[in-house]
Amino acid sequence: MNATPMDLYPETAEAELIEEPTVDTTAMATETTLLNPRFYTTDFDEMDKLDVSSVRPEWDKLIAQMKSDPNKGHFKKNAEWDANWADMPLPLKREFIDFLVSSCTAEFSGCVLYKEMKRRGSNPDICELFSYMSRDEARHAGFINDALREAGVAVNLGFLTKAKKYTYFRPKFIYYATYLSEKIGYARYITIFRHLEAHPEQRFHPIFKWFREWCNDEFSHGEAFALIMRTDPKLTNSFANKLWIRFFLTAVYSTMYVRDHARPEFHKALGVDIEWYDQEVFKKTSAIARQVFPIEIDIDNKRWLPNLRRMRDAFIAMDAAKKRGGVSGYIGRMVAGAAALRGFVAIYTMPVIKTVPPANVRMEPVY
Ligand SMILES: [Fe+2]
Ligand SMILES: [Fe+2]
């Protein structure tokens with residue numbers, strides 16, 4: 001499990017009264033663990049060879065929309081920005097910072113990958129798309145980092161670019177993983193936004209007011225990857241690739257579940273039951289992903305929630321074992337690792353729901 005701000009703050013209530021130590025958010029963002037957002041690199045030459053002519057009309061429409069830059073003026077603080085870190089209870093502050101650092105890292109990870117694609121490519125369609133997407137992600141990461149700066153804990157993004165480990169993914173894995181992370185990002189932001197629209201008294205920080213327009217950017221980014229996957233039917237229809245899609249669905253969903261459950265105070269402050277929220281996000285993401293994936297995870301299957309919980313418990317046990325160290329810590333980690341794997345396999349092998357993606361791949365954000 002990743003180092004949460006919990007690990008970096010003293011534990012006692014007395015210490016909270018004396019002083020509030022600073023937390024090294026850059027170190028948190030730099031750390032590579034199974035659950036932390038990663039930085040990716042890929043075969044840029046292969047991606048540069050993408051030919052979008054089979055989806056040309058939809059592609060041009062999407063690019064024109066991105067070019068018009070509907071959120072150009074959106075990511076600026078205004079009178080609506082009423083952040084109050086001073087009155088935030090410390091346990092909430094820790095988890096909220098963890099949430100912001102993790103979101104900022106994920107946004108910046110997209111920025112770095114997209115910018116690199118634009119820099120290395122020569123295909124005008126691909127370069128144009130990736131320049132708009134890196135523009136958006138840079139804005140998103142910068143806006144979150146501004147919010148963190150007010151708490152005195154901004155992430156050093158320049159340092160992160162150099163210090164963070166890069167994970168290599170073949171282009172098709174980038175498509176599956178990035179498509180899903182864009183769409184799940186949309187679903188996460190819009191679900192929180194709609195919840196707080198109904199319960200404004202639980203909006204403990206102004207950044208949530210920016211989520212609606214924000215998530216529309218993520219939605220469009222996901223659309224671009226949906227179109228890219230449509231350029232080659234094998235990517236979503238071959239037997240092996242369907243297994244890969246299933247793998248990525250399982251990995252992305254279960255990571256989200258485990259990570260969200262590490263932030264109980266954050267969700268309590270929002271007035272959100274974590275399991276409800278996660279199921280809501282999975283439901284929306286699965287409904288959207290029907291545009292391109294021929295299979296979806298059956299989140300109503302009776303094996304689904306018990307095995308997510310098993311994975312969550314395993315990661316908590318793994319974290320405790322890591323802290324314990326020594327032989328017992330080592331054994332604890334092995335046992336917890338095996339339990340997490342069992343949970344993962346139990347979900348991966350659940351019967352999937354088969355769907356037929358529509359002829360027209362494009363969708364609009366409707367939530
Ligand atoms: Fe973003
Ligand atoms: Fe995005």
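Two residues are in contact if their C-beta atoms, placed from the backbone, lie within 7 Å. This is a predicted model, in which local features need pLDDT of at least 70, side-chain atom pairs count only at pLDDT 80 or more, and totals for chains, interfaces and linings use all residues. Residues are numbered from 1 along each chain as its sequence is written, while chains are lettered from A and ligands numbered from 1 in the order in which they are written.

**View 1. Arg 290 in the loop between α14 (274-289) and β3 (295-296).** Helices (H or I, at least four residues) and strands (E, at least two) are DSSP runs, numbered from the N terminus. Setting aside neighbours within four places in sequence, Arg 290 contacts Glu 296, Thr 355 and Pro 357. Arg 290 has 16 other C-beta atoms within 10 Å, so it counts as partly exposed (buried means 20 or more other C-beta atoms within 10 Å, exposed 12 or fewer, partly exposed in between; C-beta atoms are placed from the backbone).

**View 2. The buried face of helix α5.** Trp 59, Leu 62 and Met 66 are the buried residues of α5. Seen down the axis, they fall within an arc of 70°, so they line one face of the helix (the arc is that of the directions from the helix axis to the C-beta atoms). They pack against α7 (124-150) and α10 (211-230). The face turned away carries exposed residues, including Arg 56, Asp 60 and Lys 67.

**View 3. Contacts of Cys 104.** Not counting residues up to four places away in sequence, Cys 104 touches Ala 29, Ala 141, Ile 144, Asn 145, Leu 148 and Val 155.
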